[in-house]
2 protein chains.
Amino acid sequence: MNTVTERALIARLVAGMPRSSHQLNRVHESDAELVKIPGTDTILAVTTDGIAEEITTGLYGNPYLAGWMSVTVNASDLAAVGAEPLGLLMSEAIPPDMNEEAVMRLQAGIGDAAKAHRLPVLGGDTNASPTLHLTGTAIGVVRDRWATRRGTRPGDRVFASGPLGLGSAFAFARLMSTSPAGVAYQPVARLPEGQVMARWATACIDTSDGAIAAFDELFQLNEIGILVHRPLEELLHPAALETARVAGLPPWMMLAGPHGEFELLFTVPRVHCEAFTADAAASGWDPIMLGDVVPQAGLAWREEDDWLEVDTTRIRNLFTAVGGDPQRYLEALLCTAPEPASR
Amino acid sequence: MNTVTERALIARLVAGMPRSSHQLNRVHESDAELVKIPGTDTILAVTTDGIAEEITTGLYGNPYLAGWMSVTVNASDLAAVGAEPLGLLMSEAIPPDMNEEAVMRLQAGIGDAAKAHRLPVLGGDTNASPTLHLTGTAIGVVRDRWATRRGTRPGDRVFASGPLGLGSAFAFARLMSTSPAGVAYQPVARLPEGQVMARWATACIDTSDGAIAAFDELFQLNEIGILVHRPLEELLHPAALETARVAGLPPWMMLAGPHGEFELLFTVPRVHCEAFTADAAASGWDPIMLGDVVPQAGLAWREEDDWLEVDTTRIRNLFTAVGGDPQRYLEALLCTAPEPASR
C-alpha cells in the first residue's frame, strides 16, 4: 500500500520520544489517546488539536466558527473512542491587532461549542501571535467499552453516524470562486452517539479530514477494504448533493475533500447489527448502514450496475502534493476518474 | 490593590464559559487545573501552555530550546500542584519553510525534555503555520495532598525550590544589545520536589513569569505580603548576580523580568518547617528559606539596615504597558526605585 504523507511526517516527528507503558493505543491507532491511570481502573481519553491552516486559508474566516471548531474537532476525537467528556483546555494565540468585537465572537464560539458538547472549560492560556491560532485539548473517560481505529475484520458492517460530505461542500463553497451560495456549517461532534457506538463497534474513526481519508486510515490499519452498497444519494448530506449538482461535480467528490463533517465511521460485527441499531434507536439515533468490510483493499461503491473504485491513499496525499492549494486540489481531483472494479 | 492586566484579560475571555462542578480550583487559583473524575477518587491535574511570543521575539531562537521549553512550562505547572506526571500532548504548528535540521532539533528538544521530566508523549498533532507555535498539555494525578496558589496566612514561612533570577538573566543576555556573554538556560521543572512540597505547603506557584509576578499573584489571592529576610545575594542564582554586576543593574531587577526560571515559590506553616526541611533533605533537596508571610501587602527585602519595597503589581503590568518591548521594559524598570518601607 502506498505511503501516507501525513503518517510518514508523524512517524518522523515522534521518533525517539518516550512513550507510556500505561497507554492502550499506539501512534495512529486511535482518534483520542487512551491512558490507564496507574493504581486505578480509570482509563482517560485525551486529545489535542490545533487550528491554524483553516484560519490562514480563510476557511474559518468567521471568528465565531473558528472558536466553535476549536472545540468540536477535539470533542469529535473523544466521540470516536466512545468517551464521556470531562472538560476542555484552550490555548489561544491572538493577534494584538484583532479587534475587540472579533475576540468576543471568537470567545462566544468557544463558549457555545463547550456548552453544546457538555465540555466545561477547565482552563487555558493566552498568547500574542502574528496569526490567530487555537489549540484545544479535550479530556474524557472511557468506561467498560471503547473503540479504536483498529480491530475490524471482513464480514463486519460499516456505518456512518450521519450523512457525509458536508465538510467538503462547505470548503468548496468557502474557497472556490466558482462556487454557488454558501453552505451552512457548524457541526456538533457525536459524543452521545459515540458512547452507544463503543458498546458494539470493532473500529471507529471520525471524518475530521474527510470521509476518504478516514476510510483510507481504516484500510491502512486493518488491511481491509470497504464495499459501499448504499447509493451515494442516500449517504451524502443534502447540501453536499446540491453543491455537487450546481457545480457539475460528480457526487463522490464530496467525500474527497480534506475537510470533514465530524461524523463517525465505524464497523459492527454482522451478528450484532440488529442489537446495535436497536440500542441506537433507543437513544433517538438513526445511523446509516453503508456497506461491508471486505478483504480486498480499497473503497468501491455501486453506480448503476458497476462497481467503481478510487485510490484512497493517492487522494489523501493529494492536498499536500499540490502544496495545500484548494484550486489545484480540485483540478487534480477532477483528473481522478474512478475506475471500474471487478467485485 | 491595583488591577493586574493579565488577570483582567483572562476574566474577560472566560466570561460565559461553562465550568465544571468537579473542578477543585477556580480561575487563577492553581498553576494546573484540578479535576475530580466522577465516580472515582482520582484527581487529575491538567494544564496547557503555548509558546509563541518567546519564539517571535527571538528569546527561544534556538529550536532545541523552544522544544525543551514547550514541555518544561507545562511540567512546571504540574510540579506547582504536587502532581505525579502521567503524560504529555504536543500540538506543533511548523512553518513550511522551516528547514529539516531545525525541525529535528525542535523534536530533539521536546523528546529530551519529555525524558528529563518523565513525561511520556501520549500524542499530539501537527499543523502548518506562518510562524512556529508550540502548545503542550501536561496531565498528571494528585494523590492525598496537593497545593494551589491559595491558602497561605501570615505566620507561614516562604521558600523557593532553588535560586531565583536565571529567567531574567537569560532574557537580558538574549535580548539586550548591551548585555555581556550569554547565560546558560535549560531549566528542569521541579516535579519530584513538587511532590514533597505538596505534603507541607499551604500555597505554591511557579516562577514561570518571573519571581515578582509570582509573589504578586500570591498577594492578590491571599491578601498578604512577604518580608524577605534572606540577603538577595543568597537567593539569586550566581549567573543572575553576575549578569546584574556586569551590566551595572541592581540585583533585585533579576527578580523583575517577565520570564522566569521555573522554580517553585511556596509557603509552609512555621510549625511544620522543621519536618518539611527534613522531608526535603531525605530526597536530596535543599530548598531556600526566603522569609515570612505578613499581613501587610507588598514585597519588602532587607538591604543593609533598611527595608526596601517595590510595587509588584505595577512591575507585573509593566511589560504589557510598554507594548512588550524588552528595551523599553528595562528603561521603565530602571526608573523604578525601591522605596524605604516602614516595617
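In chain A, the centres of domain 1 and domain 2, taken over C-alpha atoms, are separated by 24 Å. Domain 1 covers 31-142 and domain 2 covers 157-340, with bounds that come from an automatic or database domain assignment. This is a predicted model, in which local features need pLDDT of at least 70 and side-chain atom pairs count only at pLDDT 80 or more, while totals for chains, interfaces and linings use all residues. Residues are numbered from 1 along each chain as its sequence is written, and chains are lettered from A and ligands numbered from 1 in the order in which they are written.

Between the two domains of chain A, 21 residues of domain 1 are in contact with 22 residues of domain 2, where contact requires that the C-beta atoms of two residues, placed from the backbone, lie within 7 Å. On the domain 1 side, α3 (63-81) and β3 (84-94) of chain A each supply at least two residues; helices (H or I, at least four residues) and strands (E, at least two) are DSSP runs, numbered from the N terminus. The largest share of this side, 11 residues, comes from α3(A). By class, the side of domain 1 that touches domain 2 in chain A has 11 nonpolar, 6 polar and 4 charged residues, where Ala, Val, Leu, Ile, Met, Phe, Trp, Tyr, Cys and Pro count as nonpolar, Asp, Glu, Lys and Arg as charged, and the others, Gly among them, as polar.

Turning to chain B, we find an open sheet of 5 strands in the order β1-β2-β5-β3-β4, with mixed pairing; two strands pair if DSSP finds at least two bridges between them. At the edges lie β1 (33-36) and β4 (121-128) of chain B, each of which pairs on one side only. Neighbouring strands of this sheet are turned by 20° against each other on average, direction ignored, with axes fitted as lines to C-alpha atoms, for helices over the stretch in contact, and angles running from 0 to 180 degrees between N-to-C directions. Helix α3 (residues 63-81) of chain B packs on the sheet and touches β1, β2, β3 (84-94) and β5 (133-142) of chain B, and the direction of this helix makes about 30° with that of β5(B).
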